[in-house]
Amino acid sequence: MTAYVRDTALLTARSLRALPRVPERLLDVTVQPIIFIVLFLYVFGAAIHVPGISYEDYMIPGIIGQSLAFGIIGAGVATSNDMNEGVIDRFRSMPISRLSVISAQVMGQFCEQILGMVIVVGLGLALGWTPHLTLVHGFELAGLIALGMFAFTWAGVLFGMIVRSPDAMQGVGFIIVFPLSFMAGTFVPISKMDAVPRAIAHWDPISALVASVRNLTQGTHATGSWQLTHPELAMAFWCLLVVAVCVPLALRRFNRKLAM
């Protein structure tokens with residue numbers, strides 16, 4: 001166990017040290033959410049009215065939830081890069097724990113997502129977001145965000161080992177995550193959507209992420225389905241389900257690739 005922890009820490013540090021040489025790896029967790037915030041706040045924000053709350057207070061929690069979901073794409077692209085560039089083959093020849101390779105991949109992506117979340121929260125506060133957090137809600141929110149990062153990182157690692165290239169991962173990720181994140185009430189209330197997207201949004205997993213962040217930071221309560229009226233429980237359920245499904249599948253896929 002000590003060797004596994006040491007190997008994981010060393011490989012995680014190796015991944016993070018590579019960031020200054022390949023800074024474009026951070027575009028999805030830094031520049032992308034900034035573009036969404038500025039674009040919707042200053043271009044579309046004036047045309048969107050949400051009763052009882054300023055648009056800044058409505059949108060920033062949505063961006064936080066969306067950023068969690070987009071963690072799938074970043075983790076998937078990074079994993080696919082390592083798989084296709086022979087990094088895993090080099091690790092296989094080294095006297096390190098096999099499990100530490102995939103654990104370090106998850107930890108490295110987790111750290112990158114923390115950086116992205118700090119940027120989103122900091123920019124939101126600078127642009128007028130005023131969260132109303134109690135101490136208990138603050139710890140609850142931090143725990144849910146950490147659980148969400150962990151779950152979606154594992155999902156991204158799994159998809160990154162399944163697809164054939166980083167470009168394919170980028171395309172597949174956006175096809176799945178992008179529309180679901182927009183239908184999750186991130187930028188406009190779900191109640192104002194047409195019937196079909198509203199029905200999808202009521203049970204969209206990302207809707208639970210957005211609703212839980214918004215409920216804890218602003219005290220706004222969504223309606224329309226069980227997961228929207230109990231967003232924290234729904235978010236925890238979805239994240240634990242993702243972990244329960246993706247972790248064993250990712251480990252099995254990883255072991256199969258090492259055996260090739």
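Tyr58 is found in helix α3, where helices are DSSP runs of H or I with at least four residues, numbered from the N terminus. The model is predicted, so local features need pLDDT of at least 70 and side-chain atom pairs count only at pLDDT 80 or more, while totals for chains, interfaces and linings use all residues. Residues are numbered from 1 along each chain as its sequence is written, and side-chain values use heavy atoms, with hydrogens and water left out.

Tyr58 is buried, at a relative accessible area of 7%; buried means under 20% relative accessible area, exposed over 50%, and partly exposed in between, with a 1.4 Å probe and protein chains only. Leaving aside neighbours within four places in sequence, Tyr58 is in contact with residues including Val50, Ile53, Phe187, Pro189, Ile190 and Arg214. Contact here means heavy atoms within 4.5 Å. Gln109, in turn, is 51 residues from Tyr58 in sequence and 27 Å from it in space, C-alpha to C-alpha.

Ser80 is also placed in helix α3, which covers residues 55–84. Ser80 is buried, with a relative accessible area of 0%. Its contacts, again leaving aside neighbours within four places in sequence, are Gly160, Val163, Ser165 and Pro166.

| Side chain | Backbone oxygen | Distance |
|---|---|---|
| Tyr58 | Gly185 | 3.0 Å |
| Tyr58 | Val188 | 3.1 Å |
| Ser80 | Ser165 | 3.4 Å |

**Helix α1**

Helix α1 runs over residues 2–17 and has 16 residues. From first C-alpha to last it reaches 23 Å, close to the 22 Å expected at 1.5 Å a residue, taken as 1.5 Å times one less than the number of residues. Asp7, Thr8, Leu11, Thr12 and Ser15 of α1 are buried. Seen down the axis of α1, these buried residues fall within an arc of 130 degrees, so they line one face of the helix; the arc is that of the directions from the helix axis to the C-beta atoms. Thr2, Leu10 and Arg17 are exposed on the other side of α1.

**Cysteines**

With a disulfide taken as a pair of cysteine sulfur atoms within 2.5 Å, the count comes to 0 disulfides. For Cys111, the nearest cysteine sulfur is that of Cys239, 18 Å away. Cys111 is partly exposed, at 30% relative accessible area. For Cys246, the nearest cysteine sulfur is also that of Cys239, 11 Å away. Cys246 counts as buried, at 8% relative accessibility.

Key
Helices (H or I, at least four residues) and strands (E, at least two) are DSSP runs, numbered from the N terminus. A polar contact is a pair of N or O atoms within 3.5 Å; within protein, one must be able to donate a hydrogen and the other to accept it, and residues adjacent in sequence count only if both atoms are side-chain atoms.
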